[in-house]
Amino acid sequence: MLDKDLVQALDDLLTRAFAEDGEDVTSLAVFGPSARVAGAIVCREPAVVAGVAFLPRLFRFLSPPARAVPRVADGTRVAPGTVLADVEGPAITVLAAERVALNLLQRLSGIATLTRTFVSAVEGTPARVLDTRKTTPGLRLFERYAVRCGGGENHRFGLAHAFLVKDNHADGCGSVWDATRRVVDFRAINPVLSRHLLEVEARTLEEVHDALDAGAERVLLDNMSVAAMRQAVRDVRLFEEATGIRVELEASGRMDPAKARQTARAGVDFVSVGALTHSVRAVDIALDVHVAPSRVRAVPAEARAGPGPRRKARR
């Protein structure tokens, strides 16, 4: 069951995507308005799938509607040749929806697959894999969903959902300490923000210490060497022992699975990976259509003329 935010976002996305493609004049010319086809959506390579849950709504979004029946659940690891869903309906609808369905499914499955690789890399450590805001504009809800399908977790959704003091904030106002103290004071006079996490990016051990002294609740170790991260973990744990204040540690910066594992072993709580969404490779997934001869026959050209599939009114 999709939550209401994903359903609304999916309807908005499909409205724009099908408007981009317009009417499928080729399928209308070949099949006419009433011919029906059936087919299967097949994964051609090993993958962790994400987006299959969107297919039933996607294929019935156009009018006349088609039907998609998922064969696997999102988050499933599949082998090459696995059928992800069966599809059946008017040819003009099935083929008009094909590319939109595959584009979404291929990208989200790519994200889920890469995420699972990173999750496996840190297995056996307490560290958890996080995504970032480096998502495709307009697709953040879907890409975050794919990260979860791969076993990862989501960072803050947007700028309004947590404080994150980054290098430009620190450099722009003078130091990590100054930038962090301004956030502390701002949060104190805005009760509605009192539960917002205060995270601070640190590039050096000195900035780690400044962040702790200024009141950071999570410190983001950015592009540090593994040795520096180990020292930062020791310093933060000493701070916790001395103050009784729990401070989380996150690490990021040019992560690959091997570096993620080293980073996790250094003792951080989170490993954040921008590549999960900004550098992912689409999974090879295809729609294989077959036509039942008893159900589809040649249609005279004059009978093929007419409107193609239309988007249903959703509002």
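Q: How many residue pairs are in polar contact across the interface of domain 1 and domain 2?
A: Four, with both residues of each pair at pLDDT 80 or more. The pLDDT condition applies since this is a predicted model.

Q: Back up a bit. Where are the domain bounds?
A: The domain assignment gives domain 1 as 4-113 + 280-291 and domain 2 as 119-279. Their centres, taken over C-alpha atoms, are separated by 36 Å.

Q: How many residues are in contact on each side?
A: In domain 1, 21 residues are in contact with 17 residues of domain 2.

Q: What area do the two domains bury between them?
A: About 1400 Å², and 70% of that is on carbon and sulfur atoms.

Q: Why quote an area at all?
A: Because interface size is often given as the accessible area lost when the parts come together.

Q: OK, charges. How many salt bridges does the rule find across the interface of domain 1 and domain 2?
A: One. Arg107 forms a salt bridge with Glu143, and their closest N and O atoms are 2.7 Å apart.

Q: How many salt bridges in the structure?
A: The structure holds 19. Among them is the one between the side chains of Arg36 and Glu88, at 3.0 Å from N to O.

Q: Where do Arg36 and Glu88 sit in the chain?
A: Arg36 is in strand E1 (residues 36-43) and Glu88 is in strand E6 (residues 82-90). The pair links distant parts of the chain, 52 residues apart.

Q: Switching to rings. How many aromatic pairs does a search of the whole structure find?
A: Four. One of them is Phe18 with Phe61, with 6.0 Å from centre to centre and 25° between the planes.

Q: Why does that pair count as stacked?
A: Because its planes are 25° apart, and planes under 30 degrees apart count as stacked.

Q: Which parts of the chain does the Phe18 and Phe61 pair link?
A: Phe18 is in helix H1, and Phe61 is in the loop between helix H3 (55-59) and strand E3 (62-63). The two residues are 43 residues apart. Helix H1 is also the element that gives the most to the side of domain 1 that touches domain 2.

Methods: Residues numbered from 1 in each chain as written. Heavy atoms only, no water. Domains from an automatic or database assignment. Contact = heavy atoms within 4.5 Å. Buried area = accessible area lost by both parts, 1.4 Å probe. Salt bridge = Lys/Arg side-chain N within 4 Å of Asp/Glu carboxyl O. Polar contact = N/O pair within 3.5 Å; in protein donor to acceptor, adjacent residues only side chain to side chain. Helix = DSSP H or I, 4+ residues; strand = E, 2+ residues; numbered from the N terminus. Phe/Tyr/Trp six-rings, centres within 6.5 Å; stacked < 30°, edge-to-face > 60°.
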